[in-house]
Number of protein chains: 2
Amino acid sequence: MLTILNSCYTAAQYQAGDHSNVSAQIDTTAKTPFNEDEVLRRIEQAVLDHRLAPGTKLKEVQLANLFGVKRGLIRKVLTRLAHSRLVEQTPNRGATVASPSVKEGRDLFATRRVIEAAILETLIAKIDAQDLQLLADMLQRERQAYQQGDTAHALALSVDFHRQLARMAGNSVLETYLNDIIRRTPLVILAHLGDDEQNRCRNQEHETIVDAIAQRDVKTAVAVMHQHLMQIESKIQHKPEQQQTDLANLLRLEAVEGT
Amino acid sequence: MLTILNSCYTAAQYQAGDHSNVSAQIDTTAKTPFNEDEVLRRIEQAVLDHRLAPGTKLKEVQLANLFGVKRGLIRKVLTRLAHSRLVEQTPNRGATVASPSVKEGRDLFATRRVIEAAILETLIAKIDAQDLQLLADMLQRERQAYQQGDTAHALALSVDFHRQLARMAGNSVLETYLNDIIRRTPLVILAHLGDDEQNRCRNQEHETIVDAIAQRDVKTAVAVMHQHLMQIESKIQHKPEQQQTDLANLLRLEAVEGT
DNA sequence: TTCATTAAAATTGTCAACACTTTGGCAATG
DNA sequence: CATTGCCAAAGTGTTGACAATTTTAATGAA
């Protein structure tokens with residue numbers, strides 16, 4: 001299982017249509033019967049980690065080989081991804097990683113401010129000491145990751161922070177919407193900001209938000225959150241050209257760290 | 001095409017599994033090659049019109065026969081409906097019309113208040129005379145439908161009003177979310193309120209909201225909208241038993257009015 | 001009756017094979 | 001040299017047949 005995913009084959013082989021080599025390796029070694037949800041999760045994660053660039057073509061057979069699953073399964077996954085707007089599907093022309101417009105990016109951020117504000121308001125009205133402690137612990141870990149320079153981990157924890165607020169607020173619809181927005185945000189950032197360090201959540205601001213929550217100060221919490229998100233949103237404007245990424249490398253990499 | 005849909009066969013025939021009769025009728029007369037979107041739209045519309053009760057079983061072959069399409073297409077439609085939470089799918093056990101819990105109903109309404117407020121705020125900042133006139137026209141038609149006692153039409157127009165505000169606001173994400181909520185609301189109402197006249201938008205309040213918009217009075221508009229939604233939300237509490245509805249009748253009916 | 005047990009029927013899930021559409025290159029044409 | 005028409009290759013879309021699972025019905029024992 002690890003063998004497959006560590007084994008080396010060039011991207012050229014995929015793109016030239018030379019799949020025989022790959023298929024062989026996967027067919028023989030593939031002891032991991034990825035299921036639908038698992039495949040979905042991995043592609044989503046690749047987007048979340050800024051490893052899948054907007055515009056990347058997602059071919060059904062290529063993905064099927066890569067994961068060692070039937071094409072039908074990939075088809076279902078692509079449809080689901082399309083529904084959450086992570087990929088765009090065009091009839092007879094297949095699927096590509098979505099490339100949100102500047103307008104869509106702004107709408108997304110504007111809506112995010114509204115949703116996060118609602119989450120804070122709901123959360124502050126009901127949060128208890130235990131949850132506050134949990135948040136404090138998360139911040140601790142996040143700070144640590146930043147200090148150790150583990151950017152990838154820090155990014156993941158930073159996303160988790162926002163998700164955790166939503167979960168604690170206890171409104172399943174708000175939570176779903178926030179998760180939807182979070183999944184789509186990396187594509188906006190990649191398409192219109194570039195993958196800078198700057199364009200990420202700052203730990204400092206997360207701490208300020210938790211302080212305000214602890215004080216039950218809705219106004220401050222919302223204001224800081226607003227500013228926090230604006231920091232990134234305000235930079236959305238220009239659109240550098242998009243590079244076609246090497247699918248195999250990206251997904252392979254991720255597959256290694258998984259079980 | 002109309003022939004099929006007007007022709008009479010009892011619900012018992014479906015539920016007893018005697019599909020041969022139905023299939024014959026549809027196979028011979030079916031000149032309407034419903035496509036995926038059309039099938040989806042009709043089922044959604046049936047929910048929106050309070051014609052499909054929560055908990056109704058949706059069998060693949062039954063639907064396929066009813067619409068005169070392949071099972072594969074129905075399968076895709078059901079998946080899409082499941083994604084927007086209008087139906088619930090359980091592996092190997094098929095799909096049923098969703099039956100949202102009281103908790104989910106409350107979350108839905110709470111979120112709706114947030115979204116509609118954001119829409120009003122955005123809209124008031126940019127609305128022009130032309131759009132205001134359009135809203136006035138819509139209200140006019142809505143009032144008329146109420147006065148003529150055409151409840152079904154009034155309900156449809158009432159929903160349109162909320163949708164139109166979202167469209168005019170110009171934030172595609174907010175619009176999508178509101179539409180999502182609107183689609184799911186009838187199920188909550190049916191499951192926990194019953195199909196009373198009372199549990200619907202009041203035209204009067206829509207007029208008040210438009211007045212506030214015209215005055216660019218965000219605070220009032222949001223307050224009235226809040227109250228408007230609360231009126232319905234506050235009643236969600238008890239849950240009468242659910243009747244299993246006769247699918248054929250409902251969808252047939254709808255099919256007749258369509259093109 | 002009530003509860004297991006089992007067989008049959010109904011329903012959902014999967015897949016390989018085929019059909020259809022798009023893409024890209026090449027040659028002929030103007 | 002640009003344009004058009006054509007063909008093969010690469011992709012995507014569909015379907016009928018079969019596999020797997022759940023539901024229903026029937027049977028029999030306690």
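## Relation of the two copies

Copies are superposed by least squares on the C-alpha atoms of residues with pLDDT of at least 70 in both. In this predicted model, chain A is brought onto chain B by a rotation of 180 degrees, with 0.0 Å of shift along the axis and an RMSD of 0.0 Å. The two copies are thus related as by a two-fold rotation axis.

The contact between the copies can be described in similar terms. Of the interface residues of chain A, 100% are also interface residues in chain B, so the copies meet through the same surface.

## The sheet of chain B

Chain B contains an open sheet of 3 strands, in the order β1-β3-β2 and with antiparallel pairing. The edges of this sheet are formed by β1 (57–58) and β2 (87–90) of chain B; each has a single partner strand, so one side of each is left without a neighbour in the sheet.

Strand β3 (residues 94–97) of chain B runs antiparallel to β1(B) and is joined to it by 2 bridges. Within this pairing, B:K57 has B:T96 in β3(B) as its bridge partner. Helix α6 (residues 71–83) of chain B packs on the sheet and touches β1, β2 and β3 of chain B. The direction of helix α6 makes about 115 degrees with that of β2(B).

## Surroundings of DNA strand D

Around DNA strand D there are 11 residues, of which A:E60, A:G94, B:K70, B:G72 and B:N92 come nearest. By class, the surface near DNA strand D comprises 2 nonpolar, 5 polar and 4 charged residues.

Technical notes: Residues are numbered from 1 along each chain as its sequence is written. Chains are lettered from A and ligands numbered from 1 in the order in which they are written. This is a predicted model: local features need pLDDT of at least 70, side-chain atom pairs count only at pLDDT 80 or more; totals for chains, interfaces and linings use all residues. A residue is near a molecule or strand if its C-beta atom, placed from the backbone, lies within 6 Å of it. Ala, Val, Leu, Ile, Met, Phe, Trp, Tyr, Cys and Pro count as nonpolar, Asp, Glu, Lys and Arg as charged, and the others, Gly among them, as polar. Two residues are in contact if their C-beta atoms, placed from the backbone, lie within 7 Å. Two strands pair if DSSP finds at least two bridges between them. Helices (H or I, at least four residues) and strands (E, at least two) are DSSP runs, numbered from the N terminus. Axes are lines fitted to C-alpha atoms, for helices over the stretch in contact, and angles run from 0 to 180 degrees between N-to-C directions.
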